[in-house]
Amino acid sequence: MKDFKYYAPTEVVFGEQSEEQVASLVKKYGGTKVLVHYGGQSAVRSGLLDKICGLLREGGVAYVTLGGVVPNPRLSLVHEGIDLCRREGIDFVLAVGGGSVIDSGKAIAYGVCYDGDVWDIYIGKATPEKMLPVASVLTIPAAGSEMSEASVITNEDGDVKIGYSNSLSRPKFAIMNPRRTMTLPPYQTAAGVTDMMMHTMERYFTKDDDMDITTDIAEAMLRSMKNAVFAVLKNPEDYRYRAQIMWGGSLMHNGLTGCGVSDDWATHQIEHELSAMFDVTHGAGLAAVWPSWARYVMHENLSRFVRFAVNVMDVPNDFTDPEGTALRGIEAMERFYHAIGMPVNIKELIGKEVSDEEIREMVRKCSRNFQRTIGCLKVLNTEDMEAIYKMARG
């Protein structure tokens, strides 16, 4: 069991009328002029953007807007946002959207307070000492960025996707109205649940398996998300289960399910290169990679994979064959992915077989030009990364 610090300072305002508090919350946390950051046209079509801007005006909070965030948020828009904030005297960033919008907002907030190129922070050349405060009005539960210290940005110059974590970036508040998620397409809903489950699975599959309460919480959350996603795919307007998913996405990435254990994150690192190269949905990419990673590393802590199979995937425990039980748990996860419309290999993800050359390029980027290893349950070198990509090829 590892010593740990648990820090989750974000104020959560959850419920059907939660947006009404946006102006008072901004002022509570020191905002006087806000960048309202958003993605494509859904925030406009739904009326949410107009509502948020109207509430800010009524509350006496000045604002400017910047849209255009896309999945796998781009560095070029971050640079545009930094310039806009400096020009307009912005002192608070409000992200209206999902994880991509929040991550973009975090990067802008870093960059406004940093004299160099904000990309320096993501590649490890600089450590920020301050940033603008960030908050969110969440519309897509998935990434957990509304309560986490993490953000991920894609640099179009070389299709490089890199995550950075710093507690400075934990949002001041998160407004969560489950009704805002009811129009999400089934694919996006399923990919979101896949992503949030993986945030906990990256912490669950560890060699530090003696923190029982953390493990019990993780398993309960994973089971809850499995149940909830089937319910909302059947009835997209099921408020009860939309609420479970929205709250679950936050709890599964605010650090709670990692207390006392070592994080792995190899599946995320491997997937980042897939979504950078092929611009695929992050959650779907995780589903395409995880089964191969699991089979590759399961002997590092076989009992953990057995426990996952039995307690999360409802696989009968064959005490005479732990390896078989573990493998049946992985197979059950593959069936779950297919049942919610997710892929289980790269060919299913991108519609073609990835080439050896493309795999070598993803390995090069994932290993930072062959200079780093990834993972914790099993530390993966470049040969391991290549093997997993090839296993996941399909």
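This is a predicted model: local features need pLDDT of at least 70, side-chain atom pairs count only at pLDDT 80 or more; totals for chains, interfaces and linings use all residues.
**Cores**

Let's start inside. The largest nonpolar core has 64 residues, and the members that touch the most others are Met201, Trp290, Trp293, Phe305, Phe308 and Tyr337. Helix H11, residues 282-297, supplies the largest share of this core, with nine residues. There is also another core lying apart from that one; it has 35 residues, including Ile90, Val101, Val118 and Met176. As background, nonpolar side chains in soluble globular proteins tend to be buried together.

Tyr337 is a handy place to look around. Leaving aside residues up to four places away in sequence, Tyr337 touches Thr194, Met198 and Met201, then Ala287, Trp290 and Pro291, and finally Met342, Pro343 and Val344. Two of the names on that contact list, Met201 and Trp290, are also among the core members with the most contacts to other members.

**Helix H8**

Helix H8 covers residues 212-234, and its length checks out: 23 residues at 1.5 Å a residue should span 33 Å, and the end C-alpha atoms sit 34 Å apart, which agrees. Which residues of H8 are buried? They are Thr214, Thr215, Ala218, Glu219, Met221, Leu222, Met225, Lys226, Ala228, Val229, Ala231 and Val232. Note that Glu219 and Lys226 are on that buried list.

**Salt bridges**

Side chains of opposite charge can pair when their charged atoms come close. The whole structure holds 18 salt bridges, and here are some of them.

| Pair | N to O distance |
|---|---|
| Glu11 and Lys28 | 2.8 Å |
| Arg179 and Glu16 | 2.5 Å |
| Arg295 and Glu334 | 2.9 Å |

Take Glu11 and Lys28, whose side chains meet in a salt bridge. This pair links distant parts of the chain, 17 residues apart, with Glu11 in strand E1 (residues 11-14) and Lys28 in helix H1 (residues 22-28). Glu11 is partly exposed at 24% relative accessible area, while Lys28 is exposed at 54%.

Next come Arg179 and Glu16, another bridged pair. Arg179 is in the loop between strand E8 (173-176) and H7, and Glu16 is in the loop between E1 and H1, so their pairing ties together parts 163 residues apart in sequence. Both ends are partly exposed: Arg179 has a relative accessibility of 40%, and Glu16 has a relative accessible area of 37%.

Then there is the bridge between Arg295 and Glu334. Arg295 sits in helix H11 and Glu334 in helix H13, so this pair ties together parts 39 residues apart in sequence. Arg295 counts as partly exposed at 28% relative accessibility, but Glu334 counts as buried at 17%. Elsewhere, salt bridges with shared partners join Lys207, Glu300 and Lys378 into one network.

**Cavities**

How many cavities of 30 Å³ or more does the structure hold? There are two. The largest cavity has about 40 Å³ of space. Its lining is made up of Pro141, Thr181, Leu184, Gln188, Thr189, Gly192, Arg242 and Ile245. H7 and H9 are the elements that give two or more residues to this lining, and H7 gives the most, with three.

Technical notes: Residues are numbered from 1 along each chain as its sequence is written. Side-chain values use heavy atoms; hydrogens and water are left out. A nonpolar core is a set of buried Ala, Val, Leu, Ile, Met, Phe, Trp, Tyr and Cys residues joined through side-chain atoms within 4.5 Å. Buried means under 20% relative accessible area, exposed over 50%, partly exposed in between (1.4 Å probe, protein chains only). Helices (H or I, at least four residues) and strands (E, at least two) are DSSP runs, numbered from the N terminus. Contact means heavy atoms within 4.5 Å. The expected span of a helix is 1.5 Å times one less than its number of residues. A salt bridge is a side-chain nitrogen of Lys or Arg within 4 Å of a carboxyl oxygen of Asp or Glu. On a 1 Å grid over the protein atoms alone, a cavity is a set of points where a 1.4 Å probe fits but cannot get out, and a pocket is an open set with protein on both sides within 12 Å along at least five of seven lines; lining residues have an atom within 4 Å of a point. Grid points are joined across faces, edges and corners, and a volume is the space filled by probe spheres set on the points.
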